[in-house]
Amino acid sequence: MVNDDKIRSAFENKTWQEIKVTDSWQIFKIMAEFVEGFEKLAKIGPCVSIFGSARTHTDNKYYQMAVKIGELLTERGYGVITGGGPGIMEAGNKGAFEAGGKSVGLNIELPFEQFHNRYIDRDKLMEFDYFFVRKVMFMKYSQGYIVLPGGFGTLDELFEAITLIQTGKIARFPIVLVGSDYWKGLLEWVEHTVLLKEKNISPEDLNLYRIVDSAEEAAEHIFRFYDKYVLKPNF
């Protein structure tokens, strides 16, 4: 089993030469991903990232909502960034692509499930080996997050953004959760257990995200957030 081999390998004694060579080349691979990402994404202008499950089918209501969100954002001059894969990611790219907007895909190479969708602009598709490099690109070049139902990867992106805003590591930007039925249980746990019972966060942290139930509400929250700062897309 591949997984068993990886576990055994972690406990093997390695020579200094093996460690030096392996780790040094890994550093260069990581640097290359950062450099390519910065060079490509610095030119794209204001964008909003759309997150959600790669397993969502085209007949799912959230797929259709993500398509509409992509269209609405494009109409106001925003580009759309997704993880580049199928499901909700495909839907967000599709909405932007078919509406003539900028459609960006930050794809991650995985042994299963993930392959880039066909609605990404050819010059705006990037392939990543490292999740953490990809997350930096999302965070650095997004003016907002719209998060539809998804799994562990979606939750990872959501809580990373909330944490960085909460701790002041990045400036605040709008985070929108789509689908109150889906998010209700998680957010009730955050409020009642994390905040009220254990006091592990502050009351104002609950204001770092907004819950909506339509594509129009999701896009409008992004627009309202930046309208008050008199910020407009510059292309």
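Me: In which helix do Glu36 and Lys40 lie, and how many residues apart are they?
Reply: Both are in helix H2, 4 residues apart, or about one turn of the helix. A helix here is a DSSP run of H or I with at least four residues, numbered from the N terminus. The model is predicted: local features need pLDDT of at least 70, side-chain atom pairs count only at pLDDT 80 or more, and totals for chains, interfaces and linings use all residues. Residues are numbered from 1 along each chain as its sequence is written, and side-chain values use heavy atoms, leaving out hydrogens and water.

Me: Why is the meeting of Glu36 and Lys40 called a salt bridge?
Reply: The term requires a side-chain nitrogen of Lys or Arg within 4 Å of a carboxyl oxygen of Asp or Glu. For Glu36 and Lys40 the N to O distance is 3.7 Å, so the pair qualifies. By this rule the count comes to 7 salt bridges.

Me: How do you know how H3 and H8 pack?
Reply: From lines fitted to C-alpha atoms over the stretch in contact, with angles from 0 to 180 degrees between N-to-C directions. For H3 (residues 61-75) and H8 (residues 215-227), the angle is about 35° and the axes are 8 Å apart.

Me: What makes the residues of H3 and H8 a contact, and which are they?
Reply: Contact means heavy atoms within 4.5 Å. Met65, Lys68, Ile69, Leu72 and Leu73 of H3 meet Ala215, Glu216, Ala218, Ala219 and Phe223 of H8.

Me: How close do the axes of H3 and H4 come, and at what angle do they cross?
Reply: The axes of H3 and H4 (residues 88-98) come within 7 Å and cross at roughly 35°.

How values were computed: Helices (H or I, at least four residues) and strands (E, at least two) are DSSP runs, numbered from the N terminus.
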